[in-house]
Amino acid sequence: MIIVSMIALTVRPGTRLRSGAAAAALTLLLVALAPPPPAQAHDPGQGTAYGTAQMTVTGDGTGQLTVTITGIRLTDDTDLTPTRLVARRAGEDLTAPLRAQPGTPPPGTFTGELALPSPGLWFVYAQFATGERTLEVWVPVGQQLTGPQSQQRNLYQPVTAATPPPGQILLGAVLLAVSAALTVAAAVTVARRRRVLPPATT
């Protein structure tokens, strides 16, 4: 409501924007007044958590890793279907199969192997499919890891797999429309001023 009132006062009939700078300033003000998205206390790509899992990565010092997912606790009775393992670093994406160990009680135990080709810190993900969503869990791993490394982590829905809230989509559309309208208004004002300026004398 505050944003709409400001727009009405700023671009009311008979009012001219003096320059493109005025349009830019108003657009920045609208963005500043827009409510920020909820802060996440974890990885920016991490969305809503639906449980936890124990992720154990065992390395041989050469980049060969064995990944095991155990101790899964879900917030509902969703069945997990293993999708794949993913290792990411500096634009590189490596994938490998993720398999369910037979004979383990639900929600199950899962394993897979990865070979990291270059030294440095990698981010290793185990990904799952469910009837309604995609879930994943991850840990940071050094390429030269020797022995086991185990952490309990959130099993969460990636942000890219979630649908943005309708309010966020609407707000983005409004800001784009207002920005375009102000830019056009500024261009029209500049063009009118150029037409009424007296010709230069020599």
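Colleague: Which residue stands opposite Phe123 in strand 8?

Modeller: Strands are DSSP runs of E, at least two residues long, numbered from the N terminus. Two strands pair if DSSP finds at least two bridges between them. Here Pro140 in strand 8 faces Phe123. Strand 7 (residues 121-129) and strand 8 (residues 134-142) run antiparallel, joined by nine bridges. The two form a hairpin, with four residues between them.

Colleague: What do the numbers rest on?

Modeller: This is a predicted model: local features need pLDDT of at least 70, side-chain atom pairs count only at pLDDT 80 or more, and totals for chains, interfaces and linings use all residues. Residues are numbered from 1 along each chain as its sequence is written, and side-chain values use heavy atoms, with hydrogens and water left out.

Colleague: How many aromatic pairs are there?

Modeller: Rings of Phe, Tyr and Trp (its six-membered ring) pair if their centres lie within 6.5 Å; planes under 30 degrees apart are stacked, over 60 edge-to-face, the rest tilted. That rule gives three aromatic pairs. Phe110 and Phe128 make an edge-to-face pair, 5.0 Å centre to centre with 70° between the planes. Phe110 lies in strand 6 (residues 110-115) and Phe128 in strand 7, so the pair ties together parts 18 residues apart in sequence. Ring pairs also link Phe123, Tyr125 and Trp138 into a cluster.

Colleague: Which charged residue lies over the face of Tyr125?

Modeller: The test is NZ of Lys or CZ of Arg within 6 Å of the ring centre and within 35 degrees of the ring normal. Arg88 lies over Tyr125, at 4.6 Å from the ring centre. The charged end of Arg133 sits over the ring of Tyr50, 3.8 Å from its centre.
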